[in-house]
Amino acid sequence: MMNPSKLLKAPIPGENLTVNGKNYAWHRPPQFPEFDDAFEFIIDDSLANQQKLGAAMTLLSNGISALAVVQALMISKVGQGKISPDMSLLLVGPVYKTFTRMMDAAGVEYLSGFDTTEELQAYAEKLKSKDFLAKSTKAIKLTEEQEAEMERITEEAIEEIPVGGLMGAQVGEEVEK
Amino acid sequence: MNDLYDAMRQAVSDYMNVDSLSPRSQARVKGIHSKFAYNYDTVDGLIKFEETLEDIEEELEGNDESE
């Protein structure tokens, strides 16, 4: 049952015109009114941020479409007062393109947001079969030079600390003396 | 368009499939972004991964053989 006191507290028509118009970040002028500045900000803040990109990749590999991720990103920036809603419409295309290219390069399989029913079904089956994990667990193949370099670095790391001499590390007994 | 989400969806669709639009719509989509430094072609060339890992491996193998 609805609380009758809430009904009485409902906003009266036109109340929105009487409240302070600068209560929220999106009520104030945006921080990045220029397209190029705003695009650079989105790239630096979100797409070049390893932590955020990792989170986005997790979302994509769990069936959230790239379009939904980019839409959420844009709405959050509008909500933070970084860009205006009109600017988000200008930015969403270039950001989507850059984002999907990055995901393609990373080998993440994702839904674009414009998928057909058949594509959705195929993706759902792939999620069920967990085939999408096979790609990410593939071992990285190193060249001979890289392997030799890795061995050299490992040997250096486990090499014993030189003892004795003027500059050598002190051994337990010497320290006691 | 009902809300900002629909408008964004349409904007992405137009931007990504610009070649399939009518010439007038193409000019509109490309024309809007042509005023900025990050225009259509610049964004297109921002991330290019023409070389895949397989290509690089093939290249390395080719170098080893030539040596």
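Two exercises on a predicted model follow, each with a worked solution.

Residues are numbered from 1 along each chain as its sequence is written, and chains are lettered from A in the order in which they are written. Because the model is predicted, local features need pLDDT of at least 70 and side-chain atom pairs count only at pLDDT 80 or more, while totals for chains, interfaces and linings use all residues.

**Exercise 1.** Determine how α2(A) and α5(A) pack, and which residues meet.

*Solution.* Start with the elements, helices being DSSP runs of H or I with at least four residues, numbered from the N terminus: α2 spans residues 35-47 of chain A and α5 residues 85-106 of chain A. Their axes, lines fitted to C-alpha atoms over the stretch in contact, lie 10 Å apart at an angle of about 40 degrees, on a scale from 0 to 180 degrees between N-to-C directions. Finally, with contact defined as C-beta atoms, placed from the backbone, within 7 Å, residues including A:F35, A:F39 and A:I42 of α2(A) meet residues of α5(A), among them A:L91, A:V95 and A:T98.

**Exercise 2.** Describe the secondary structure of chain B and its contact with chain A.

*Solution.* Chain B has four helices and zero strands, and the pattern read along its sequence is α-α-α-α. The contact takes 19 residues from chain B and 22 residues from chain A. On the side of chain B that touches chain A, helix α1 (residues 4-16) of chain B gives the most, with ten residues.

Key. Contact = placed C-beta atoms within 7 Å. Helix = DSSP H or I, 4+ residues; strand = E, 2+ residues; numbered from the N terminus.
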